[in-house]
Amino acid sequence: MTEFRSNLLNLLYSRGYIHQLTDADALDALAAEKVVPGYIGFDPTAPSLHVGHLVSIMMLRQLQKAGHKPIVVMGGGTGKIGDPSFKDEARKLLTTDLIAENIASIRRVFENFLTFGDGPTDAVMVDNAEWLDKLEYIPFLRDIGQHFSVNRMLSFDSVKLRLDREQSLSFLEFNYMILQAYDFLELSRRVGCRLQMGGSDQWGNIVNGVELARRVDGTQVFGLTTPLLTNSDGTKMGKTVGGAVWLNADQLSDFDYWQFWRNTDDRDVGSRLRLFTDLPLDEIERLEKLEGAEINEAKKILANEATALCRGADAAVRAAETARKTFEEGASGDALPRVPVPGGKIALTAALTAAGLTASNGEAKRKIGEGAVRINDVAITDAGYEIVLDSPETKLSLGKKKHAILIPA
């Protein structure tokens with residue numbers, strides 16, 4: 001095992017967060033001697049972040065646990081452009097008002113993972129619109145643009161992917177990497193930030209910022225990326241048939257969030273416990289060695305710990321109890337998603353889609369035909385079936401693990 005001088009790099013390495021790192025020795029020495037402010041940027045493209053952002057959020061949490069200062073950068077400025085990295089097409093442009101609403105909604109999640117305040121290791125949240133919105137075009141081109149080679153920018157995988165596929169890459173998007181690099185320079189100047197972290201797809205953008213700070217101010221700053229997180233079957237973590245696994249409770253129920261972690265593949269339990277919980281490493285080593293039916297207990301612990309961090313301990317307890325009642329006793333449970341049905345009548349296919357159990361009415365018809373759909377634990381195989389709610393609660397189930405409660409409205 002690699003040994004570092006600093007608690008920070010030892011912690012990040014031992015839990016599997018480090019993929020690429022600029023000048024590891026210098027960062028290790030700096031982190032061993034003083035508080036290192038480090039940042040990760042998040043563009044507010046939706047009212048909630050999703051599980052795909054969770055490695056980055058947890059890395060900020062580990063930074064703070066190791067005695068350093070997390071900086072959450074909301075992309076109020078860069079969000080007006082959209083990061084083109086490894087995207088097939090341009091993002092939809094958002095209005096300033098919608099970006100502000102998304103930032104306010106997203107902030108609530110970070111308060112569950114980080115301690116904010118005015119202390120030397122307290123987390124802070126900043127909006128890059130504070131400096132990006134004030135830039136003047138000609139001075140920015142002259143002072144910053146001269147440090148970027150178009151030849152090199154075209155060589156980055158995130159750009160080459162779009163160009164090789166002959167997909168349009170607008171000049172607006174092409175500027176994103178310059179603005180992200182400028183963020184790092186600005187944060188270095190404003191708050192002494194010395195570290196930018198992010199996913200492996202951000203390596204090129206991060207290195208741009210490291211080089212810009214050196215060229216313009218002669219300041220040494222550092223970059224660190226995490227591995228691309230995939231499931232053992234090769235699929236991207238967080239991608240589900242039902243859509244994104246949102247972090248905000250108003251976007252995804254506590255039960256569904258808990259159930260996402262409970263459904264982790266046996267082979268992924270150890271890595272998920274390291275990355276997404278605060279459990280000690282020796283306890284994780286014990287849990288990941290469990291086999292057969294016993295590994296399910298490790299998955300429940302993972303679900304409880306991950307849900308408690310994101311949604312709170314009470315939410316985790318309620319979700320676990322709902323799962324126990326639902327799967328062990330056949331009861332409904334209070335934490336299942338509750339779907340209002342106007343007039344108390346709804347087509348079964350529409351109910352499945354409205355409850356998020358299927359992605360479309362077409363999928364709903366297929367599942368009904370396969371005999372996978374039940375109402376109050378009674379199988380329904382008629383795709384034209386209409387549900388008439390004659391009680392305060394009606395349980396709708398798809399397979400053994402996906403459930404919702406229909407209520408008259």
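Which helix gives the most to the nonpolar patch? Helix H6 (residues 137–143) does, with three residues.

This is a predicted model, in which local features need pLDDT of at least 70, side-chain atom pairs count only at pLDDT 80 or more, and totals for chains, interfaces and linings use all residues. Residues are numbered from 1 along each chain as its sequence is written, and side-chain values use heavy atoms, leaving out hydrogens and water.

**Surface.** Tyr137, Ile138, Leu141 and Phe171 make a nonpolar surface patch of about 450 Å². Such a patch joins nonpolar side chains (Val, Leu, Ile, Met, Phe, Trp, Tyr) within 5 Å, from residues with over 30% relative accessible area and no salt bridge; a salt bridge is a side-chain nitrogen of Lys or Arg within 4 Å of a carboxyl oxygen of Asp or Glu. Accessible areas come from the Shrake-Rupley method with a 1.4 Å probe, and for residues only the protein chains shown count as cover. Phenylalanine 171 is found in helix H9 (residues 171–174). Phenylalanine 171 is exposed, with a relative accessible area of 56%; exposed means over 50%, buried under 20%, and partly exposed in between.

**Interior.** A nonpolar core is a set of buried Ala, Val, Leu, Ile, Met, Phe, Trp, Tyr and Cys residues joined through side-chain atoms within 4.5 Å.

| Core | Size | Residues included |
|---|---|---|
| Largest | 65 residues | Phe110 and Trp261, with the most contacts inside it |
| Second, separate | 29 residues | Ile144, Val159, Cys193 and Val221, among them |

Tryptophan 261 touches residues including Val51, Met237 and Phe276, where contact means heavy atoms within 4.5 Å.

Methods:
Buried < 20%, exposed > 50% of the residue type's maximum accessible area, 1.4 Å probe, protein only. Patch = residues over 30% accessible without salt bridge, like charges linked within 9 Å, V, L, I, M, F, W, Y side chains within 5 Å. Helix = DSSP H or I, 4+ residues; strand = E, 2+ residues; numbered from the N terminus. Lists of a residue's contacts leave out its neighbours within four places in sequence.
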